[in-house]
Amino acid sequence: MEIPELQTLCPSPARDRVEIVDQTRLPHARVTVSLASGADAAHAIRAMQVRGAPLIGATAAYGLALVLRADPSDAGLAAGYALLLATRPTAVNLRWALDRVRARATPLAPAARAAAAWDEADAIAAEDVATNRALGEHGVQIIEELAAARQPVQILTHCNAGALATLGWGTATAPIYLAHAAGIPLHVWVSETRPRLQGARLTAWELRAQGVPHTLVVDAAGAALMRQRRVDLVLVGADRVTRNGDVCNKIGTYEKALAARDNDVPMYAAVPSPTIDWTLASGDDVPIEERDSGEVLNLGGEPIAPVGTVVANPAFDVTPGHLFTGLITERGVCAASNAGLTGLFPERAHG
Ligand code: MRU
């Protein structure tokens, strides 16, 4: 699915910078930003110019390679790792990618570290595309089965777990794009996703670029649509899945899961394996990012609440695994449980 306008990150052949699409400017402006240092990469992640668990991981990997280009010493490696790891706490792909690059670079002579780190970042980026495609192949079967009962298949999604959040295909969108390409009639309800509006700004934009029929709704509309039998499937992404199958994703996902269960609507999370945190026993252990109150207090640059209003702005929530029908991974579909996950990843049966 080579859609140029959806290419989120482009490493330079000279290996001295990466070009990203500034997602804070979408959908109304497609602005590219050049990241030439670890600090640039860290800023891009913190400020959400790049966002989405897989893309955060890949950007951090290239960021650490850029750090080693400037200072390949042990101290440089450690400082770069710490700088990038501290950007956002919830998406585990960040730590996963940094650990991979650090493990690759550490045994090497300093002079060889930057090139090896860049190779590892390239591998992480290429694997992401292949993983999402494989995940999509498993997920499209769920849509095909639903299409046998009703067409168009009505899918509700929350936030952006699309091509813009990855290096290609997206996670939750991969089955949607494959089904659409296969000619299966479908329609997507796009939950706007306050406060940063990833659904309204990003998911609607890329579904339009792909020609997939969709309708934008406010976050609170999802439950009513399910009760009205206007949703056949809820499909979301994930930022961290724990050993017991709990799913941490964008704030508002848990509410969707409660509504889906109450209305017998199947709900799946698309989970590429780098998003599984085998070190955590349950979702209660996931660090939840609390973001700036300004994101809630302002809309389109305009203040919406009285001056001095106290705000809480958790960016993610945890949905217990038992509320999911299943998890879609690149190895197949499983129950959102430890038995389900280790069934597909037996090498992880012991953490
Ligand atoms: O705050 P964001 O935009 O980084 O949150 C993104 C999400 O919650 C996505 O659903 C998740 O990262 C999966 S992206 C394939």
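In sorting residues by class, Ala, Val, Leu, Ile, Met, Phe, Trp, Tyr, Cys and Pro count as nonpolar, Asp, Glu, Lys and Arg as charged, and the others, Gly among them, as polar. The model to which these classes are applied here is a predicted one.

By this scheme, the lining of the largest cavity comprises 10 nonpolar, eight polar and four charged residues. This cavity holds about 210 Å³ of space, and a search of the whole structure finds three cavities of 30 Å³ or more. Of the 22 residues that line the largest cavity, Arg51, Gly52, Ala53, Asn160 and Asp239 lie nearest its centre. Two elements, α2 and β9 (247-250), each supply at least two residues of the lining; α2 gives the most, with three residues.

The second largest cavity contains about 50 Å³ of space. Its lining includes Met48, Arg194, Pro195, Arg196 and Gln198, and also Lys250, Ile251, Arg291, Glu295, Asn313, Pro314 and Ala315. By class, these residues divide into five nonpolar, two polar and five charged.

The largest nonpolar core has 37 residues, of which Leu9, Ile45, Tyr62, Leu64, Leu84 and Leu98 touch the most other members. Two or more residues of this core come from each of β2 (18-21), α1 (38-46), α2 (53-70), α3 (74-85), α4 (93-105) and α5 (110-149). The element that gives the most to this core is α2, with 12 residues. The surroundings of one core member, Tyr62, can be described in detail. Leaving aside neighbours within four places in sequence, Tyr62 is in contact with Leu9, Pro11 and Val18, as well as with Trp118, Ala121, Asp122 and Ala125.

Strands of a sheet pair through backbone hydrogen bonds, either parallel or antiparallel. Here β9 and β14 run antiparallel and are joined by four bridges. Within this pair, Cys248 stands opposite Val318 in β14.

Technical notes. Residues numbered from 1 in each chain as written. Predicted model: local features only at pLDDT ≥ 70, side-chain atom pairs only at ≥ 80, totals over all residues. Heavy atoms only, no water. Core = buried A, V, L, I, M, F, W, Y, C linked by side-chain atoms within 4.5 Å. Buried < 20%, exposed > 50% of the residue type's maximum accessible area, 1.4 Å probe, protein only. Contact = heavy atoms within 4.5 Å. 1 Å grid on protein atoms, 1.4 Å probe; cavity = no way out; pocket = protein on both sides within 12 Å on 5 of 7 lines; lining within 4 Å. Points joined across faces, edges and corners; volume = space filled by probe spheres on them. Pairing = 2+ DSSP bridges.
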